[in-house]
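Please keep the sequence and the structure in view while reading.

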Amino acid sequence: MRPEIVLFGDSLTAQSFGSGGWGAALADTYSRKADVLVRGYGGYNTRWALFLLHHIFPLDIPKAPIVVTIFFGANDAAIFGRTSERQHVPLDEYKDNLKKMVNHLKEYSPTTLVILITPPPVDEDGRNEYARSLYGDKARELPERSNEVTGLYAKQCLELAKEMGLLAIDLWSKLQETEGWQKKFLRDGLHFTPEGNVILHQELEKVLNETSVSAAKLPLDFPHHSEIDGKSPEKAFQYLSL
């Protein structure tokens with residue numbers, strides 16, 4: 001059986017296997033070496049995601065994925081008092097919820113490499129444009145998220161990673177390093193364009209390449225075709241019967 005990599009998060013993870021998605025790119029990177037499983041739940045915040053932990057990672061059926069990414073915060077950071085306030089999770093609770101997820105994973109599989117990913121930045125004008133494209137004159141006047149507030153959640157995510165000795169990707173900062181990031185990396189002010197997906201995939205590969213579970217260090221599941229003798233192919237597969 002090939003090892004597994006589990007991507008756990010909200011819509012930014014759920015959409016990661018779409019055309020040009022970062023999850024699909026990761027699956028390609030680990031082709032024939034590990035299976036990449038998407039466990040993404042659009043609209044979810046960390047409070048709601050906690051209800052899923054025991055079902056996705058059941059303690060009574062321990063399984064050891066080699067990597068789990070935790071990618072929440074975009075919905076937790078929805079501003080209280082605006083149109084998406086039911087998704088809002090206070091900053092301290094957000095950090096505590098992430099900690100609960102990590103602790104659960106450590107109990108589920110102590111050997112699993114856990115990687116935290118911060119929420120991406122928010123293009124407030126892009127969010128408003130998207131709302132107007134859907135609702136016209138009935139669209140909200142104020143964005144339901146702001147880049148400043150989301151940055152606070154990203155900071156909490158990074159602080160937790162440091163406190164718990166985890167690897168982390170500061171996506172909130174990384175995307176903003178590029179001029180014009182708002183339209184280049186985000187298609188609706190929040191979700192990724194193909195270019196945005198590329199950046200996250202690249203950052204994830206950088207992190208993984210420094211670990212023992214980089215794609216380069218994992219063996220193929222079955223022999224490469226160049227190792228198969230055309231006249232006696234069974235020799236290449238003898239080890240399977242041992």
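## Basis and overall make-up

Helices (H or I, at least four residues) and strands (E, at least two) are DSSP runs, numbered from the N terminus. Counted in this way, the secondary structure of the protein chain comes to 10 helices and 5 strands. This is a predicted model, in which local features need pLDDT of at least 70 and side-chain atom pairs count only at pLDDT 80 or more, while totals for chains, interfaces and linings use all residues. Residues are numbered from 1 along each chain as its sequence is written, and side-chain values use heavy atoms, with hydrogens and water left out.

The C-alpha trace of the protein chain spans about 70 × 35 × 30 Å along its principal axes. A residue is called buried under 20% relative accessible area, exposed over 50%, and partly exposed in between (1.4 Å probe, protein chains only). Of the 242 residues of the protein chain, 48% count as buried.

## Nonpolar core

In soluble globular proteins, nonpolar side chains tend to be buried together. A nonpolar core is here a set of buried Ala, Val, Leu, Ile, Met, Phe, Trp, Tyr and Cys residues joined through side-chain atoms within 4.5 Å. The largest such core has 31 residues, and Ile 5 and Phe 192 touch the most other members. At least two residues of this core come from each of strand 1 (4-9), helix 2 (22-29), strand 3 (67-71), strand 4 (113-117), helix 8 (171-175), helix 9 (181-185) and helix 10 (194-209). Helix 10 supplies the largest share, 5 residues.

Cys 157 lies in helix 7. With a relative accessible area of 1%, Cys 157 is buried. The C-alpha atoms of Cys 157 and Phe 71 are separated by 9.6 Å, and the two residues are 86 residues apart along the chain.

## Salt bridges

A salt bridge is a side-chain nitrogen of Lys or Arg within 4 Å of a carboxyl oxygen of Asp or Glu. By this rule the count comes to 13 salt bridges. One of them joins Asp 221 and Arg 2, with the closest N and O atoms 3.2 Å apart. Asp 221 lies in the segment after helix 10 and Arg 2 in the segment before strand 1, so this pair ties together parts that are 219 residues apart in sequence. Both count as partly exposed: Asp 221 at 24% relative accessibility, and Arg 2 at 31%.

Lys 63 forms a salt bridge with Glu 4, and their closest N and O atoms are 3.1 Å apart. This pair links distant parts of the chain, 59 residues apart: Lys 63 is in the loop between helix 4 (53-56) and strand 3, and Glu 4 is in strand 1. Lys 63 counts as partly exposed at 44% relative accessibility, whereas Glu 4 counts as buried at 16%. Another salt bridge is made by the side chains of Glu 159 and Lys 95 (3.7 Å, N to O). Glu 159 in helix 7 (residues 147-164) and Lys 95 in helix 5 (residues 91-108) are 64 residues apart, and this pair too links distant parts of the chain. Glu 159 is partly exposed at 29% relative accessibility, and Lys 95 is buried at 16%.

Arg 32 is found in the loop between helix 2 and strand 2 (35-40) and is partly exposed, with a relative accessible area of 29%. Most residues other than glycine have a negative phi. Phi of Arg 32 is near 65°, a positive value in a residue other than glycine.

## Surface patches

Patches are made of residues with over 30% relative accessible area and no salt bridge; like charges are joined within 9 Å, and nonpolar side chains (Val, Leu, Ile, Met, Phe, Trp, Tyr) within 5 Å. Accessible areas come from the Shrake-Rupley method with a 1.4 Å probe, and for residues only the protein chains shown count as cover. Lys and Arg count as positive and Asp and Glu as negative, while His and the chain ends are not counted. The place of a charge is taken as NZ of Lys, CZ of Arg, CG of Asp or CD of Glu.

Glu 124, Asp 125, Glu 129 and Glu 148 form a patch of negative charge on the surface. Helix 6 (residues 124-135) contributes the largest share of the negative patch, 3 residues. Asp 125 is in helix 6 and counts as exposed at 53% relative accessibility. A nonpolar surface patch of about 440 Å² is made by Phe 222, Ile 228, Phe 237, Tyr 239 and Leu 240. Tyr 239 is in the segment after helix 10 and is partly exposed, with a relative accessible area of 38%.
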